[in-house]
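Good morning, colleagues. I would ask you to look at the sequence and the structure together while I speak.

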Amino acid sequence: MTQAASFVHELEEYVNERLSSLDLLKEPEIQGADRGEIVRRLKMALKNELEASEIAAVWIPTTPETEVKLALARQVGDEAKHYRLIEEHLVAMGADLTGFDPAAGGYGPMFQLLAGFKTTVERIGAAQFTRESLALKKNEQFIEFCDVAGDEATARLDRESIQPDEEWHVRLGQIVLEKYAVTSELQAQARKAVEAVLDLAVKIQTKQRKEMKVSHAPGC
């Protein structure tokens, strides 16, 4: 195993350990598992998908590595596809999206954090490697919520149509970091970005639980 691969493996273990703590920040018993709550969470997912697509698009022009540019372009399409799938699913559920604007209120704190990163290892470490791992975790929690509510269709949409893409995004993060985080300085940049995303993720879930009574919200 190369030094860079060893670094990525250790960082992956660190991320997984930190993400496991999010299970301690959700209700021990799911409350209000009904259609209305699923709709509310899916609308939150639309904002997440839109911002995930946009941040990847914003980075393309200033990313020097062609292969990373193209991978970001694919992710833009993935997240946009997720948005449309969720939107269509909401309509099929009978949800009224008239006047709904996922961009209302401006960019969320995660988008603002990601937008501040300038180097490829920071961006990929923060977004694909960590934020997408977070998305996998949050989607698992949301699938759990849907299962309790008896909403097999929504759980299946997340499990079969969205999670596989998120897994690819995480793998992209691993590949890019192994290739480009090859010095102690670059690795320090990547780790700092990873830690910033994880710290913010804990704050966001804590705030959602306290203020919105939501802990099983989908990722992106």
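This is a predicted model: local features need pLDDT of at least 70, side-chain atom pairs count only at pLDDT 80 or more; totals for chains, interfaces and linings use all residues.

**A helix pair and its setting**

On one side, H2 contributes Glu37, Ile38, Arg41, Leu42, Ala52, Ile55 and Trp59. On the other, H5 meets them with Arg123, Ala127, Gln128, Arg131, Phe142, Phe145, Cys146 and Ala149. Sorted by class, the residues in this contact are ten nonpolar, one polar and four charged.

I turn now to geometry. Two packed helices are described by the angle between their axes and by the distance between those axes. For H2, residues 35–59, and H5, residues 120–149, the angle is about 165° and the axes lie 12 Å apart. H2 is therefore roughly antiparallel to H5, since an angle over 145 degrees counts as such. As for handedness, H2 passes H5 in a left-handed crossing.

What does the chain contain besides this pair? The chain has seven helices and zero strands, so that, read from the N terminus, its elements run α-α-α-α-α-α-α.

Next, the overall dimensions. The C-alpha trace spans about 50 × 35 × 30 Å along its principal axes. The radius of gyration of the chain is 17 Å, which agrees with the value near 17 Å for a compact globule of 220 residues.

Of the 220 residues in the chain, 50% are buried. Among contacts with a separation of 6 or more, 86% join residues 24 or more positions apart.

Thank you for your attention.

Technical notes:
Residues are numbered from 1 along each chain as its sequence is written. Side-chain values use heavy atoms; hydrogens and water are left out. Axes are lines fitted to C-alpha atoms, for helices over the stretch in contact, and angles run from 0 to 180 degrees between N-to-C directions. Helices (H or I, at least four residues) and strands (E, at least two) are DSSP runs, numbered from the N terminus. Angles under 35 degrees count as roughly parallel, over 145 as roughly antiparallel, 65 to 115 as roughly perpendicular and the rest as oblique. A crossing is left-handed if the near helix is turned anticlockwise from the far one by less than a right angle, and right-handed if clockwise. Contact means heavy atoms within 4.5 Å. Ala, Val, Leu, Ile, Met, Phe, Trp, Tyr, Cys and Pro count as nonpolar, Asp, Glu, Lys and Arg as charged, and the others, Gly among them, as polar. The radius of gyration is taken over C-alpha atoms; the globule rule is 2.2 Å times the number of residues to the power 0.38. Buried means under 20% relative accessible area, exposed over 50%, partly exposed in between (1.4 Å probe, protein chains only).
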